[in-house]
Amino acid sequence: MLIREIEERDNQAMERIIKRSLESFGLNIPGTAYFDPQLGSLAEYYKQQPGSKYWVIVTDQGEIAGGVGIGRFGQNPEVCELQKLYLAPQEQGKGLSKELMKVALDFAAKHYKFCYLETFEKLKAANSLYLKFGFRQLEQGLDESEHNACDAWYMKEL
């Protein structure tokens, strides 16, 4: 497996992975990443955002297995957001999310003081992963959130 920054040729694969994952949990609803306008052009979007990057993990066969992003959150230059951590269903349970988290949080620690994320209570494996990486659950989401359907929020001091 190889982790590298997203390229334009990866856009369709990541959009498909994200949408199928959300659909599998019944989360293809407004207020989630499913309807983000930049979902089909993640490579271009992250290149235009200061202090942001998106990485994909590529199998030995050259297939995109998943990805994760870090982006500035709102107007506070000290806070970033862990964004769009998704894996293809056949790649889940192999520890790949941990590898993506390490890359993302290493980048985040060089540029920010805090890392925020939004998710759903029903995504038990994801929530467990965030706690293992030192995130603490918040009572509510931060202001300026674009994903108002989320019902679980976490913050980590970097």
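A residue is called buried under 20% relative accessible area, exposed over 50%, and partly exposed in between, using a 1.4 Å probe and protein chains only. By that rule, Glu 78 is partly exposed, with a relative accessible area of 33%.

Before moving on, please note that this is a predicted model, in which local features need pLDDT of at least 70 and side-chain atom pairs count only at pLDDT 80 or more, while totals for chains, interfaces and linings use all residues. Residues are numbered from 1 along each chain as its sequence is written, and side-chain values use heavy atoms, with hydrogens and water left out.

**Stop one: a pair across the chain.** Glu 78 sits in the loop between β3 (64–72) and β4, and Lys 113 in the loop between α3 (96–111) and β5 (114–119), 35 residues apart. A salt bridge here is a side-chain nitrogen of Lys or Arg within 4 Å of a carboxyl oxygen of Asp or Glu. Helices (H or I, at least four residues) and strands (E, at least two) are DSSP runs, numbered from the N terminus. Lys 113 is partly exposed too, at 47% relative accessibility.

The structure holds ten salt bridges. Select Glu 5 and Lys 53, whose side chains meet at 2.8 Å, N to O. Glu 5 belongs to strand β1 (residues 2–5) and Lys 53 to strand β2, so this pair ties together parts that are 48 residues apart in sequence. Next, pick Asp 106 and Lys 110, joined by a salt bridge of 3.4 Å, N to O. Both are in helix α3, four residues apart, about one turn of the helix. Then show Arg 4, Glu 7, Arg 9 and Asp 10, which are linked in a network of salt bridges.

**Stop three: the inside.** Which residues have the most contacts inside the largest nonpolar core? Select Met 14, Ile 18 and Tyr 54, in a core of 28 residues. Such a core is a set of buried Ala, Val, Leu, Ile, Met, Phe, Trp, Tyr and Cys residues joined through side-chain atoms within 4.5 Å.

**Stop four: around Ile 18.** Leaving aside neighbours within four places in sequence, Ile 18 is in contact (heavy atoms within 4.5 Å) with Leu 39, Leu 42, Tyr 54, Lys 84 and Tyr 86. Finish on Lys 84, in strand β4 (residues 79–87). Lys 84 is buried at 10% relative accessible area, and has a positive phi of about 50° although it is not a glycine.
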